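Dear colleague,

I am handing over the structure we spoke about, and it is placed directly below. After it I set out what was found, with the cut-offs given where each term comes in.

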Amino acid sequence: MTQTITVIRGDGIGPEIMDATLYVLDALKVGLAYEEADAGLVALEKHGDLLPQATLDSIRKNGVALKSPLTTPVGEGFSSINVALRRHFDLYANVRPAKSFPNTKSRFPSGVDLITVRENTEGAYIGEGQSISEDGETALLTQKITRKGSDRIVRYAYDLARKTGRKKVTIVHKANILKTTSGLFLKVAREVAAQYPDIQTNEMIVDNTCMQLVMRPEQFDIIVTTNLFGDIISDLCAGLVGGLGLAPGANIGVDAAIFEAVHGSAPDIAGKGVANPCALLLGAAQMLDHLGQPEKAERLRAAIIATLDAKDSLTPDLGGEGTTMSFAKAIASRV
Ligand code: NAI
Ligand code: MG
């Protein structure tokens, strides 16, 4: 039976990089059927809703979505659609690989190959318990860490290590200061780690982690951490390997998973056909792993690396003169 996935073309450069990505997936013969659904500004214009029920229904039915960036209109009444999707489907694991690629503007053209596993549903981002005093002088925020939330994200990281043949998990925390919240996370993480004696465990305080990542990123393999720390660290890691044009991310829950580029809708270059499609393509590679097609995922990554290596049709952000589609065709010719 053909697997159907939900395809969200999104806003700004979204449709351009999605066309390029689907072109390469066709060349790879992944055998997927696509069900298009709208979200973002385009959905607001067409259906009067940033996140229509039909889109939620499609993702629930198919269980897998490939999503281009969405523009959240600035102004009151619009909360982030991406956050809404994570909440709606309880997408608790945000999985962001960072790998050195050739011919990118990176301080680490080789040696970095790590994955950040960020808890995506609790911590400082629960949106509850925020208050500001009447005089506007004092603001408060509640953080929530649960045993269940910590257990499932740490378990996800260790299972990912086993599945991908990685050797080490670094548990990143601040339990020395945030004794209750980060303390509970670390306690549960240690309990889970003990059940994976085949994987090396390392514990590191978050501020030191940032320094270590910048000085010696090659020491990291899988990093697992809470929501706020993971948000910051995963962007830091994207910066280590050449920035937004090459950074994919997966949001994974029990019943649904959404694969995307980390970058936004890039209104400054939208419609010009020069957006780099690699981040969404690498998100598609994560999706193929998730769908049980790891050889296709590996072929896709290898084709991207070979194209970067050959400096064939690279987009302007990578110093080339290619277009989104000529770059995609160069990649497709190597899959
Ligand atoms: P952005 O990531 O869209 O752009 C930042 C800079 O990076 C721009 O100069 C852009 O041209 C460049 N850039 C981004 N992706 C690129 C690509 N594939 N190829 C070449 N250059 C690329 O971030 P910004 O400007 O802060 O946000 C624009 C819009 O995107 C906002 O409406 C924001 O809400 C939305 N956004 C959506 C996200 C999502 O749906 N996952 C994530 C981040 C932002
Ligand atoms: Mg972020």
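Is Ile232 buried, partly exposed or exposed? Ile232 is partly exposed, with a relative accessible area of 48%, where buried means under 20% relative accessible area, exposed over 50%, and partly exposed in between (1.4 Å probe, protein chains only). The residue belongs to helix H8, residues 227-240, and helices (H or I, at least four residues) and strands (E, at least two) are DSSP runs numbered from the N terminus. The C-alpha atom of Ile232 is separated by 9.2 Å from that of Cys210, 22 residues apart along the chain.

Before you read further, please note that this is a predicted model, in which local features need pLDDT of at least 70 and side-chain atom pairs count only at pLDDT 80 or more, while totals for chains, interfaces and linings use all residues. Residues are numbered from 1 along each chain as its sequence is written, chains are lettered from A and ligands numbered from 1 in the order in which they are written, and side-chain values use heavy atoms, with hydrogens and water left out.

On the ligand, 20 residues surround ligand 1, the closest being Leu70, Asn82, Gly264, Ala266 and Asp268; a residue is counted as near if one of its heavy atoms lies within 4 Å. This shell divides into nine nonpolar, seven polar and four charged residues, with Ala, Val, Leu, Ile, Met, Phe, Trp, Tyr, Cys and Pro taken as nonpolar, Asp, Glu, Lys and Arg as charged, and the others, Gly among them, as polar. A polar contact here is a pair of N or O atoms within 3.5 Å; within protein, one must be able to donate a hydrogen and the other to accept it, and residues adjacent in sequence count only if both atoms are side-chain atoms. A polar side-chain atom of His263 lies 3.1 Å from a nitrogen atom of ligand 1, a backbone N or O atom of Ser265 lies 3.0 Å from an oxygen atom of the ligand, and an N or O atom in the side chain of Asp268 is 2.8 Å from an oxygen atom of ligand 1. Taken alone, ligand 1 exposes 820 Å², of which the protein buries 66%, by the Shrake-Rupley method with a 1.4 Å probe.

On the cysteines, the count of disulfides (pairs of cysteine sulfur atoms within 2.5 Å) comes to zero. Cys237 is in no disulfide, as the nearest cysteine sulfur, that of Cys210, is 8.6 Å away, and Cys237 is buried at 1% relative accessibility. Cys278 is buried at 0%, and its sulfur is 19 Å from the closest cysteine sulfur, in Cys237, too far for a bond.

Elsewhere, Asn94 in strand E4 (residues 93-99) is buried at 3% relative accessibility, and its side chain reaches the backbone oxygen of Ala250 at 3.2 Å. Helix H5, residues 147-164, is followed by Gly165, whose phi is positive, near 70 degrees, and the residues buried in H5 include Ile153, Val154 and Leu160.

Lys311 has a positive phi near 50 degrees and is exposed at 58% relative accessibility, whereas Ser313 has a positive phi near 60 degrees and is partly exposed at 24%.
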